[in-house]
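Thanks for coming, everyone. Please take a look at the sequence and the structure. I'll walk through a few side chains.

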Amino acid sequence: YEICACLVGSEMCIRDRLMDFRKVESGKLNIVKTKGNFLNFINSLLTPFEVFAGERNIAIKHFFHMKDPEIRYDEEAMHKVITNLLSNAIKFTPDNGEISVYIATLPTKESKEVLYLCVSDSGTGIPEQDIEQIFNRFYQSKKQVKYPVYGQTGTGIGLYLCKRIVLMHDGDISVRNNPGSGCSFRILLPLPKEDINDQLIIENNIPPTTCLLYTSPSPRDMRR
């Protein structure tokens with residue numbers, strides 16, 4: 001029900017986002033990491049979106065490549081990030097379009113691994129002047145073509161919350177337009193190499209001040 005509510009931009013979803021926004025701004029949003037099967041988690045989120053997208057003949061394809069899907073992450077926080085990216089992808093994808101979800105573990109130069117997550121759509125893309133501002137709070141592009149369902153509204157804080165939550169996971173999120181059509185949101189989350197004995201990890205490493213946005217080089221697109 002919560003996912004469907006956010007898909008249509010209900011008052012409940014908007015209220016929840018505003019509450020999360022206040023927690024982030026005041027430094028009261030904690031990241032609670034527990035070990036769980038990340039792919040099972042993703043599949044549980046994709047199912048209602050596939051039904052909703054199917055009503056507009058939008059195909060959601062997924063490509064997973066994880067040696068071990070058991071990782072430590074904050075399920076509630078990542079739920080907010082992924083549902084926001086998927087609902088945005090549907091909003092900006094025309095009927096009969098396509099959305100792709102890529103998830104993989106990738107090696108780094110430091111002999112560590114990162115979790116790579118990408119949500120890509122076949123819409124019109126993001127105007128270049130909006131790329132650098134897309135994660136700013138309350139920012140909404142006025143020139144990007146939308147295909148919203150009835151009653152769907154935007155708050156301008158969804159992607160801002162995504163950015164903050166990813167930073168609280170010590171990760172990075174970026175966006176770029178695809179060579180053909182649409183855009184891709186990419187997330188990189190570090191995965192600890194050593195196994196931690198404690199199952200529960202609580203972090204709050206983002207101060208209640210506005211964080212500076214940054215962009216790091218994106219890994220090579222997984223699409224072939």
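This is a predicted model: local features need pLDDT of at least 70, side-chain atom pairs count only at pLDDT 80 or more; totals for chains, interfaces and linings use all residues.

Let's start with the aromatic rings. There are five aromatic pairs here. One of them is F38 with Y73, an edge-to-face pair. F38 is in helix α3, residues 38-54, and Y73 is in strand β3, residues 70-73. That pair links distant parts of the chain, 35 residues apart.

Are they buried or exposed? F38 has 0% relative accessibility, so it counts as buried. Y73 has 4%, so Y73 counts as buried too.

Y73 has another partner, F41. Here the centres are 5.4 Å apart and the planes are at 45 degrees, so this pair is tilted. F41 lies in helix α3 and Y73 in strand β3, so the pair ties together parts 32 residues apart in sequence. Both F41 and Y73 are buried.

Next, a charge and a ring. The charged end of K163 sits over the ring of F135, 5.2 Å from the ring centre.

Last stop: a loop. N178 lies between β6, 172-177, and β7, 183-191. Its relative accessible area is 10%, so N178 is buried. What does its side chain contact? A polar atom of that side chain lies 3.0 Å from the backbone oxygen of S181. The side chains of N178 and S184 are joined by a polar contact of 2.5 Å.

Notes. Residues are numbered from 1 along each chain as its sequence is written. Side-chain values use heavy atoms; hydrogens and water are left out. Helices (H or I, at least four residues) and strands (E, at least two) are DSSP runs, numbered from the N terminus. Buried means under 20% relative accessible area, exposed over 50%, partly exposed in between (1.4 Å probe, protein chains only). A polar contact is a pair of N or O atoms within 3.5 Å; within protein, one must be able to donate a hydrogen and the other to accept it, and residues adjacent in sequence count only if both atoms are side-chain atoms. Rings of Phe, Tyr and Trp (its six-membered ring) pair if their centres lie within 6.5 Å; planes under 30 degrees apart count as stacked, over 60 as edge-to-face and the rest as tilted. A charge sits over a ring if NZ of Lys or CZ of Arg is within 6 Å of the ring centre and within 35 degrees of the ring normal.
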